[in-house]
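Look at the backbone and the ligand site of this model.

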Amino acid sequence: MPEPGETSFDRARRAMVVDQLRERGIGDERVLAAMAGLPREAFLEPGERPFAYRDGAVAIAEGQTMSQPWVVARMTELLRVVPGDRVLEVGTGSGYQAAALATLGARVRTIERHARLADAARGHLAALGIEGVEVVIGDGSPGAPDGAPWDGIIVTAAAPIVPPSLPAQLAIGGRLVIPVGARGSQELLAIERRGPEDWFTESDGAVVFVPLIGAEGFDD
Ligand code: SAM
């Protein structure tokens, strides 16, 4: 049933949380609440807004995508963010994932190689009044050693292997969430740093992301 004053976007967002996220196993109530409160349509160009809540990736500029809602939720859950965490995102895209992390109380630095996307993402975040996100233009594949150690690193583009620089930039107890594999099909990995030289890796199944292009990613 529609609620009073609800827009079609609000209804679609409620349905997304129930049908795409909760029903398919997203159980972290904080992640569900963050995504229930974030208007995905505000991170898209007007022509793509009707597709904001579809069960798949949505086109943004530069041939890139805003990830499927379930994938955003699962990666966020795997990162286990708590308020005050310092999180590095590689692959700003629309800014939606960074906004979800900031809503959970993280302080986020997000790196995007396309200046046009980075500028648009800054605009979307500012328009919604979302604070605590720094958008940087550049190649994020080697991470950001100047800000390390990070409590979490989330790479929202597919890497051929785990970029060698990233695991060492995690704090002890920190987590790296990253899709790794060939162009066109990858495995989602969650890597936890358990000690100075101790990393524990779990696989969370198959995903498909656009490629991470850069010094520690794929060639352009
Ligand atoms: N997290 C994004 C969102 O919420 O909309 C979706 C990211 S999109 C699937 C992947 C992004 O990674 C693209 O915008 C792409 O330009 C960017 N990217 C690819 N390689 C990169 C690199 N080496 N450094 C920074 N950004 C990169």
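**Loops, then ligand**

P149 lies in the loop between β5 (133–137) and β6 (150–155); strands are DSSP E runs of at least two residues, helices H or I runs of at least four, numbered from the N terminus. The peptide bond joining A148 and P149 is cis, with omega about 5°.

This is a predicted model: local features need pLDDT of at least 70, side-chain atom pairs count only at pLDDT 80 or more, and totals for chains, interfaces and linings use all residues. Residues are numbered from 1 along each chain as its sequence is written, and side-chain values use heavy atoms, with hydrogens and water left out.

Two other loops hold positive phi values. E62 is found in the loop between β1 (58–59) and β2. Its phi is about 60°, although E62 is not a glycine. R80 sits in the loop between α3 (69–79) and β3. Phi of R80 is near 55°, and R80 is not a glycine either.

Now the ligand. 28 residues surround the ligand, each with a heavy atom within 4 Å of it. The closest are S94, E112, D139, G140 and I213. By class, the shell has 10 nonpolar, 14 polar and four charged residues; Ala, Val, Leu, Ile, Met, Phe, Trp, Tyr, Cys and Pro count as nonpolar, Asp, Glu, Lys and Arg as charged, and the others, Gly among them, as polar.

Which atoms pair up with the ligand? A polar side-chain atom of S94 lies 2.6 Å from a ligand oxygen. An N or O atom in the side chain of D139 is 2.8 Å from a ligand nitrogen.

Note on methods:
A polar contact is a pair of N or O atoms within 3.5 Å; within protein, one must be able to donate a hydrogen and the other to accept it, and residues adjacent in sequence count only if both atoms are side-chain atoms.
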